[in-house]
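Biologist: I would like a close look at one part of this model, with the cut-offs stated as you go. Please start from the overall picture and then work down to the charged pair I ask about.

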Amino acid sequence: MAEFQGFSRGMGIGGWLTNYKRFNVLPTEWRFPLSVGDFEHFETYITRRDIEYIASLGMDHIRLGFDQVVIEESPGVYRDSIWKLFDNFIGWCEDSKLNTVLNLHKAIGNYCDIPEPVALLDSPELQQRFINLWIAFEKRYADKPAIAFELLNEVRDVAPGLWNDLAQKTITALRKLNPHRKIIVGSISWNSPAHLADLQLYDDPNIIYTYHMYAPGEFTHQRGVLQAPQLYYNREMPYPCDIERYRDFRRYVFGQENCYENFERMDKEFLRSEMQPAFDFAAAHPDKILWCGEFGTIRHCRLAYRENYMRDIISLLKEHHISYCVWNYLSTPNDGNRFSLVDDDTRTILSPELARIIAGK
């Protein structure tokens, strides 16, 4: 398949301009206004040293997640202080010879973990604000071809046509300004590989298609505080292991008697089956670029199990010549899904083996 040049293996950064609060515990009126503590966090959380360290791990790109409410003070009004943070970040990446993906992680009307009164794909006003935001990014970084724009992280489980329509409108607006900007678009249902087939395709070599991989959720989100089934079950989940523990989870939580009946072990072959729709997409469209933009395991999962899982995922991606970006570098303590790969205090990778794995060695 086509190569995503300069974006072979990357590191995601969350916890800085996205996932800096656990929004679901805040009263509605406190969820989106920014506090003085938020701005102090934005100014200090990630520094040049972090970017240099990520480069030293052998990564060639960084995916930076950000929320619309962080950059956009009001419709069409953008915060100068946040623009300067983007400028600094991009400069640090350039100095470390890293390409960048700017990922709108949470758009107004498309938050993954909290209900909102108006959904993005139901509101022409919110959609125009979405398009205008990306136009503002293009105008500011028109002379930066190493930056890719990822239009939206993990679109909810909606009718595919609704998202395809907004993505097309946004791409059309950006193409009027820059015919060569790398633009990344994923499908619905939280970037499920099963929905890659629902994506509108473009006769454009600078459109990149993406998906995420977090199966099996019993393992990757084990005992997670934002996932009711995993929180309720509250049991350590190994990987790899006999499939019976995973069947027990399904029986205990969902009452499913015939779960995972085609597998004897939770192992690499199960992961292959879960990503098969992505592999089929790549085979059917060899002229298109496919990029796995997120995968990982929750932080409190046993390190050896995390290493096993990441090793198998990356092995499968390399087998199919698919570029990837691991999730993620560092998480704040109040991030409901802590997937960080470095120690909170030293900001060094949790093990030499993990460093070797994510570098694709």
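How many helices and strands does the secondary structure of the protein come to? Then please take the salt bridge between R63 and E150: where does each of the two residues lie, and is R63 buried or exposed?

Modeller: This is a predicted model, in which local features need pLDDT of at least 70 and side-chain atom pairs count only at pLDDT 80 or more, while totals for chains, interfaces and linings use all residues. Residues are numbered from 1 along each chain as its sequence is written, and side-chain values use heavy atoms, without hydrogens and water.

The protein has 13 helices and twelve strands, taken as DSSP runs numbered from the N terminus (helices H or I, at least four residues; strands E, at least two). With a radius of gyration of 20 Å, close to the 21 Å of the globule rule for 361 residues, the protein is as compact as a globular protein of that length. That radius is taken over C-alpha atoms, and the rule is 2.2 Å times the number of residues to the power 0.38. The C-alpha trace spans about 55 × 45 × 45 Å along its principal axes. Of the 361 residues, 57% are buried, where buried means under 20% relative accessible area, exposed over 50%, and partly exposed in between (1.4 Å probe, protein chains only). Contacts (heavy atoms within 4.5 Å) with a separation of 6 or more come to 73% from residues 24 or more positions apart.

Now the pair itself. A salt bridge here is a side-chain nitrogen of Lys or Arg within 4 Å of a carboxyl oxygen of Asp or Glu, and the count comes to 24. In the one between R63 and E150, the closest N and O atoms are 2.7 Å apart. R63 is in strand β2 (residues 61-67) and E150 in strand β6 (residues 147-150), so the bridge ties together parts that are 87 residues apart in sequence. R63 is buried, at 0% relative accessibility, and E150 is buried too, at 1%.

Two other bridges give a comparison. D248 and R235 meet at 3.4 Å, N to O; D248 is in helix α10 (residues 244-254) and R235 in the loop between α9 (228-233) and β9 (241-242), so this pair ties together parts that are 13 residues apart in sequence. D248 is partly exposed at 26%, and R235 is partly exposed at 33%. R272 pairs with E269 at 3.1 Å; these two are three residues apart in helix α11 (residues 268-284), about one helical turn. E269 is partly exposed, at 43%. Back at the requested pair, salt bridges with shared partners join R63, E150 and E294 into one network.

R181 lies over the face of F149, 4.5 Å from the ring centre, a charge being over a ring if NZ of Lys or CZ of Arg is within 6 Å of the ring centre and within 35 degrees of the ring normal.
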